[in-house]
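Colleague: Before I use this model, could you take me through it, one question at a time?

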Amino acid sequence: MFDCLGSERVAFMMFAELGADDDLAECMAEAIGDDLQNIFEIATLSDGEAETEAEMDAVFAVMDAGLECGLV
């Protein structure tokens, strides 16, 4: 999916599906960028608690994108 559509497009579709308007979905997609694929890979291996450095980095990437786009 990432190879065909690209990380930014997948992120845009994901945030739009979660209810973000086009501007917010685009902002989040651009802010997360190529980190999205890593975030998905980490999430599939995680038990829901951020324990490893990679899991914490993924959490911070999403939080940073939210701050940059005015979600928080």
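Modeller: A residue is called buried under 20% relative accessible area, exposed over 50% and partly exposed in between, with a 1.4 Å probe and protein chains only. This is a predicted model, in which local features need pLDDT of at least 70, side-chain atom pairs count only at pLDDT 80 or more, and totals for chains, interfaces and linings use all residues. Residues are numbered from 1 along each chain as its sequence is written, and side-chain values use heavy atoms, with hydrogens and water left out.

Colleague: What percentage of the residues in the chain is buried?

Modeller: Helices (H or I, at least four residues) and strands (E, at least two) are DSSP runs numbered from the N terminus, and the chain has 5 helices and 0 strands. Of its 72 residues, the buried ones make up 28%.

Colleague: In which helix is confidence lowest?

Modeller: The predictor's confidence in each residue is given as pLDDT, from 0 to 100, and the chain averages 82, with 89% of the residues scoring at least 70. Where pLDDT is low, the predicted coordinates should not be read in detail. The highest mean, 91, belongs to H3, whereas the lowest, 70, belongs to helix H1 (residues 2–5).

Colleague: Which residues does Ala25 touch, not counting residues up to four places away in sequence?

Modeller: Contact means heavy atoms within 4.5 Å. With that exclusion applied, Ala25 touches Phe12, Phe15, Ala16 and Ala20.

Colleague: Is Ser7 buried or exposed?

Modeller: Ser7 is found in helix H2, where the buried residues also include Val10 and Phe15. Ser7 and Glu30 are 23 residues apart in sequence and 9.2 Å apart in space, C-alpha to C-alpha. Because its relative accessible area is 10%, Ser7 counts as buried.

Colleague: What is the relative accessible area of Val59?

Modeller: Val59 has its place in helix H5. Val59 is partly exposed, since its relative accessible area is 34%.
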